[in-house]
Amino acid sequence: MTGAAGRDGDGMLEHLPKKVRVVEVGPRDGLQNEEKHVATTDKVKLIQALADAGLKSIEITSFVSPKWIPQLADGLEVARAVQLPSDISVSALVPNLKGYESAKEAGLKQIALFMSASESHSKKNINKSIAEATQALSEVAQQAKKDGKSIRCYISVVFECPYEGAVDPAQVVGIVKDVVAMGVDEISLGDTIGAATPNQVIALVNLLKKEVPLDKMALHFHDTRGTALANVLAGLEAGITIFDSSLGGLGGCPYAPGAAGNLATEDLVYMLQGMGIDTGINLEKLVDAGQLAEQILGKELPGRYLKATLAGRAKQAKKAALQPQATA
Ligand code: HMG
Ligand code: MG
C-alpha cells in the first residue's frame, strides 16, 4: 500500500476495486481542442511517452472530417507511425463508415464510436440527430464486428448538455440500450462539460448497470467545475473500474474557454495509487510525458499533479545548480 491513505484508511477503502484501467485520451480528446498546430512526429513522440509510462489503452487520434477537426487531419500518418507493443490497445475515434475505413487501413484493432445524449449536442458535434447517428454507428459496428475489431462507444453529455441543460437519465438509458444492441464491447459515459456531482454519478451508474455490466462501463470526466476526482471516487464506489483521462488535462473545454477540460491522467493516477488501487502506471514517467506535452505545446497544462511535480523538480534543479562543485 502506498501513500498516506494506506496508513489509516484501509478499512474505509476495502470494498473499492483493487485495480483500475486508465484509458488515455490526450492524443485525441486533448489535441483536438488545442489551438497550436502539433507536428505528426511530436504526436507520435507523445504517444510513445504515454506507452513508456505504462498506459495500456491509448486513443491516438480520430478519423473525422478534417474540416471539422483540422488538428487531427493527420490521423492516418499518426496511426501508421505509432509502433507499440501488442499488449497496448491503440484506438481511434470514428463517426461513420468513411472514418472506419481509415481506421481499418491504419490497421487498428480497436475503434471508438461516439454519440450524444442530447439532440442539440448531437447536431452540433456530428451534424446528425440521435436517430441518424444511431443508424450510422450501427452500420459501422456491424462492419467492425465482421472484421473482428473491438468497439468502444462514447455517449457524451450524459449529465448535462451545454445547449439544453440537464439531461434526463431515462434518455441516457434509451441510448445505452441502442448502443448495447449494436454489440459494442465497452461504453464510456461522458460528463462532457464537467457538470456532474458524485450523487448523480452513483445514481446513473446504478440505473445503467441493468443494461451494461459494470466491467464494460467506463466513466469519462471533465474537471470544468473541479468535481472530476470526486466523481471518480463516486464511480469507484458504484463499482466502475475503467476511467478515461487526458495527459496533463490536455484539451481545455470548448464550451467554457479558459476552463479545465478532461480530467488529468496524473491527478487520476496519483489519487488511485494513494488509495492502493493498481493502475500499472509509473507516475514519474507520466510526468515526463506531461513535460514533453508542455514543451510541444509551448504552454503550461492544467493538471495539478503535473504542475506540483514540475515545480518541485525545478526547485531541486535550482538548488543543485547553486551547490558548490566538489573539487578533487
Ligand atoms: P458532415 O459535414 O455532415 O458530413 O459531417 P458529410 O457526410 O456531409 O460529408 C461532408 C464532407 O466530409 C465530405 O467531404 C466527406 O467526404 C467528408 P467533401 O465532399 O466535402 O470533400 N467526411 C469525412 N472526411 C474524413 N473522415 C470522415 C468523414 N466523414 C465525412 N470520417 C461528420 C459529419 C460526422 C463527418 C462531421 O460532423 C465530423 O467529422 N464531426 C466530428 C466532430 C468531432 O470530432 N467532435 C469531437 C468529438 S469529441 C466528443 O464528441 C466527446 C467525447 O470526447 C467524450 C467527451 O469528451 O465527453 C467523445
Ligand atoms: Mg473528453
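**Reading a predicted model: surface, fold and metal site**

The protein exposes about 14,700 Å², of which carbon and sulfur atoms supply 53%. The model discussed here is predicted.

Colleague: What makes the protein as compact as a globular protein of its length?

Modeller: The secondary structure comes to 14 helices and ten strands. The radius of gyration is 20 Å, and the globule rule gives 20 Å for 328 residues; the two values are close, so the protein is as compact as a globular protein of that length. Along the principal axes, the C-alpha trace spans about 75 × 50 × 35 Å.

Colleague: How much of the protein counts as buried?

Modeller: Of the 328 residues, 53% count as buried.

Colleague: Why is histidine 222 called buried?

Modeller: Buried means under 20% relative accessible area. Histidine 222 has a relative accessible area of 4%, and is therefore buried. Asparagine 262, with a relative accessible area of 3%, is buried as well.

Colleague: Which residues coordinate the magnesium ion (ligand 2), and what makes them donors?

Modeller: Donors are N, O and S atoms within 2.8 Å of this metal. Asp29 (OD), His220 (NE2), His222 (NE2) and Asn262 (OD1) coordinate the magnesium ion (ligand 2) at 1.9 to 2.3 Å, so they meet that cut-off. Their spacing in sequence is D-x190-H-x1-H-x39-N.

Colleague: How do you know that histidine 222 and asparagine 262 link distant parts of the chain?

Modeller: Histidine 222 is in the loop between strand E9 (217-221) and helix H11 (228-237). Asparagine 262 is in the loop between strand E10 (242-245) and helix H12 (265-274), and the pair is 40 residues apart.

Terms used:
Residues numbered from 1 in each chain as written. Chains lettered and ligands numbered in written order. Predicted model: local features only at pLDDT ≥ 70, side-chain atom pairs only at ≥ 80, totals over all residues. Heavy atoms only, no water. Helix = DSSP H or I, 4+ residues; strand = E, 2+ residues; numbered from the N terminus. Rg over C-alpha atoms; globule rule 2.2 N^0.38 Å. Buried < 20%, exposed > 50% of the residue type's maximum accessible area, 1.4 Å probe, protein only. Areas by Shrake-Rupley, 256 points an atom, 1.4 Å probe, with all protein chains shown as cover. Donors = N, O, S within 2.8 Å, 3.2 Å for Na, K, Ca; no water.
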